[in-house]
Amino acid sequence: MPLLEWSDSLSIHVHDVDAQHKGLVDMANRLHDGMMREESKAFLQDILAEMAQYAVEHFGTEERYMDAHGYPDSAAHKAEHQDFVVKVQAIAADCSSGRCALSMDILNYLCGWLVTHISDTDKALGAYLNGRGVR
Ligand SMILES: [Fe+2]
Ligand SMILES: [Fe+2]
């Protein structure tokens, strides 16, 4: 059973951003599935590293939209991205050095951050971009 379910309620109505959000939801679910199947640490670390990398690329997409369209709340939005990148990279580094096991607490943090950020911060950006004709 997936941990996170994509639904239209998560759509920010900007096509390529939605596609990337679906990708992030899919990675969180793969990480959860792997944990439930008790996959090896290396297997889980690979997904976590992939997720960290994909998050950086995804944030880059949103930030290019912000810059191109003069988004007024870009500083606060970019700061949220930066906080998440620092946190995920710290989790990934901890896990690869063997200092921690991936736990449900960590997974819940990742999923909670994603859903909250998409629902609040990204939706506000989506509404702004929609108002400027970006779909
Ligand atoms: Fe996003
Ligand atoms: Fe964002």
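A helix axis here is a line fitted to C-alpha atoms, over the stretch in contact, and the angle between two axes runs from 0 to 180 degrees between N-to-C directions. Keep that in mind. We will need it for one pair of helices.

Good morning. This is a predicted model. Let's start with the whole chain.

The protein chain has four helices and zero strands. Along the sequence the pattern reads α-α-α-α. The C-alpha atoms fill a box of roughly 45 × 30 × 20 Å along the principal axes. Buried residues make up 21% of the 135. Now contacts. Take those between residues at least 6 apart in sequence: 76% of them join residues at least 24 apart.

Next, helix α1. It covers residues 15-36.

Which residues of α1 are buried? They are V17, H21, L24, V25, M27, A28, L31 and H32. Looking down the axis of α1, these buried residues fall within an arc of 155 degrees, so they line one face of the helix. An α-helix has 3.6 residues a turn, so residues three or four places apart point the same way. On the other side of α1, H15, A19 and M36 are exposed.

What does the buried face pack against? The buried residues of α1 pack against α2, residues 41-68, and α4, residues 104-131.

Now back to our axes. In general, two packed helices are described by the angle between their axes and the distance between the axes. The axes of α1 and α4 come within 11 Å and cross at roughly 170 degrees. Angles over 145 degrees count as roughly antiparallel, and α1 and α4 are therefore roughly antiparallel to each other. Who meets whom? From α1 come V17, H21, L24, A28, L31, H32 and M35; from α4 come L107, L110, C111, L114, I118, D122 and G126.

Two last stops. After α1 comes E38, with a positive phi near 55 degrees. Before α1, in the leading segment, sits P2. Is P2 buried or exposed? P2 has 12 C-beta neighbours inside 10 Å, so it counts as exposed.

Thank you.

Notes. Residues are numbered from 1 along each chain as its sequence is written. Chains are lettered from A and ligands numbered from 1 in the order in which they are written. This is a predicted model: local features need pLDDT of at least 70, side-chain atom pairs count only at pLDDT 80 or more; totals for chains, interfaces and linings use all residues. Helices (H or I, at least four residues) and strands (E, at least two) are DSSP runs, numbered from the N terminus. A residue is buried if 20 or more other C-beta atoms lie within 10 Å of its own, exposed if 12 or fewer, and partly exposed in between; C-beta atoms are placed from the backbone. Two residues are in contact if their C-beta atoms, placed from the backbone, lie within 7 Å. The expected span of a helix is 1.5 Å times one less than its number of residues. The arc is that of the directions from the helix axis to the C-beta atoms. Angles under 35 degrees count as roughly parallel, over 145 as roughly antiparallel, 65 to 115 as roughly perpendicular and the rest as oblique.
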